[in-house]
Amino acid sequence: MRYRKFFLLTLIIVIIDQAVKLLVHFNMAMGPAGEITLLGDWFKLHYILNKGMAFGMSFGSDYGKLFLTLFRLLAIGALAYMLTFLVKKNYSQALAWCIALIIGGAVGNLVDSIFYGQWLDNAPYSSVTPWFHGQVIDMIYLDLWEGNLPHWLPLIGGDKVALLPIFNLADVAIFIGVLTILIRQKSFINYHKVK
């Protein structure tokens, strides 16, 4: 019973994330053609598929996506165990909420990886199977900055750089959970010591 509220948050995040992804998939054209401006030129909806991890990074082999999906599955299991441990040992509830956010975001992206290759037929053509090779749907586009770096910077000076992240609600949940843990880690540790 003590765990229910945390796993309920996880479930709510997964449901909202999947609903938004499916709305985007079935109602928006991919790429610039379907782009919707929300706030000026810097905040838009822009439908893309991400075959790998954050920022489009991926493992290089034919089975890289399968390994990534299996790793995500194991990480979610470890986080779920951690959440139950934290609640059982009376750690800070704020920390438990953060872990629940991270699990919800991870499960949201895991659903894409496991099922979307088959259900939405979005697995890359080179995939050995559509199962476990689905691409993650991203749509939140922040056009933060694009320009040349100063020449005095070592190694990257003069290079053209674009800060144009495109992500989804699952990524937002993960980011908020991790950032809160990083910012409040000392208070989380001290909370448990006092108890």
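Start by selecting helix H1 (residues 4-27) and helix H3, whose axes come within 8 Å and cross at roughly 35°. H1 passes H3 in a right-handed crossing. A crossing is right-handed if the near helix is turned clockwise from the far one by less than a right angle, and left-handed if anticlockwise. Axes here are lines fitted to C-alpha atoms, for helices over the stretch in contact, and angles run from 0 to 180 degrees between N-to-C directions. Helices (H or I, at least four residues) and strands (E, at least two) are DSSP runs, numbered from the N terminus. The contact of H1 with H3 divides into 13 nonpolar, 7 polar and 4 charged residues. Ala, Val, Leu, Ile, Met, Phe, Trp, Tyr, Cys and Pro count as nonpolar, Asp, Glu, Lys and Arg as charged, and the others, Gly among them, as polar.

This is a predicted model, in which local features need pLDDT of at least 70 and side-chain atom pairs count only at pLDDT 80 or more, while totals for chains, interfaces and linings use all residues. Residues are numbered from 1 along each chain as its sequence is written, and side-chain values use heavy atoms, with hydrogens and water left out.

**The whole chain**

Now zoom out. The protein chain has 4 helices and 6 strands. Read along the sequence, they follow the pattern α-β-β-α-α-β-β-β-β-α. The C-alpha atoms fill a box of roughly 55 × 50 × 35 Å, taken along the principal axes. Of the 195 residues, 34% are buried. Buried means under 20% relative accessible area, exposed over 50%, and partly exposed in between (1.4 Å probe, protein chains only). Among the contacts with a separation of 6 or more, 61% are between residues 24 or more positions apart. Contact means heavy atoms within 4.5 Å.

**Helices H2 and H3**

The crossing of H2 and H3 is left-handed. To see the contact, show side chains on both helices: H2 contributes residues including Leu73, Ile76, Leu83 and Val87, and H3 contributes residues including Ala96, Ile99, Ile103 and Leu110. By class, this contact has 18 nonpolar, 3 polar and 2 charged residues.

Next, select Ala96 in helix H3. Is Ala96 buried or exposed? Ala96 has a relative accessible area of 2%, so it is buried. Leaving aside neighbours within four places in sequence, Ala96 is in contact with Phe6, Leu83 and Val87. Tyr3 is 93 residues from Ala96 in sequence, yet the two are 9.3 Å apart in space, C-alpha to C-alpha.

**Aromatic rings**

Show the aromatic side chains. How many aromatic pairs does the structure hold? There are 5 aromatic pairs. One of them joins Phe85 and Tyr91, and is tilted, at 6.3 Å centre to centre with 40° between the planes. Rings of Phe, Tyr and Trp (its six-membered ring) pair if their centres lie within 6.5 Å; planes under 30 degrees apart count as stacked, over 60 as edge-to-face and the rest as tilted. Phe85 is partly exposed at 34% relative accessibility, and Tyr91 is partly exposed at 24%. Then select Phe115, Trp119 and Trp131, which ring pairs link into a cluster.

**Two loop residues with positive phi**

Most residues other than glycine have a negative phi. Phe132, in the loop between H3 and strand S3 (136-142), has a positive phi near 65°. Phe132 is partly exposed, with a relative accessible area of 27%. Leu155, in the loop between strand S4 (145-148) and strand S5 (160-163), also has a positive phi, of about 65°. At 89% relative accessibility, Leu155 counts as exposed.

**Two distances to check**

Select Phe67, found in helix H2. At 52% relative accessibility, Phe67 counts as exposed. Phe67 and His133 are 66 residues apart in sequence and 9.8 Å apart in space, C-alpha to C-alpha.

Last, go to Ser187 in helix H4 (residues 169-194). Ser187 is partly exposed at 34% relative accessibility. The C-alpha atoms of Ser187 and Phe132 are separated by 39 Å, with the two residues 55 apart along the chain.
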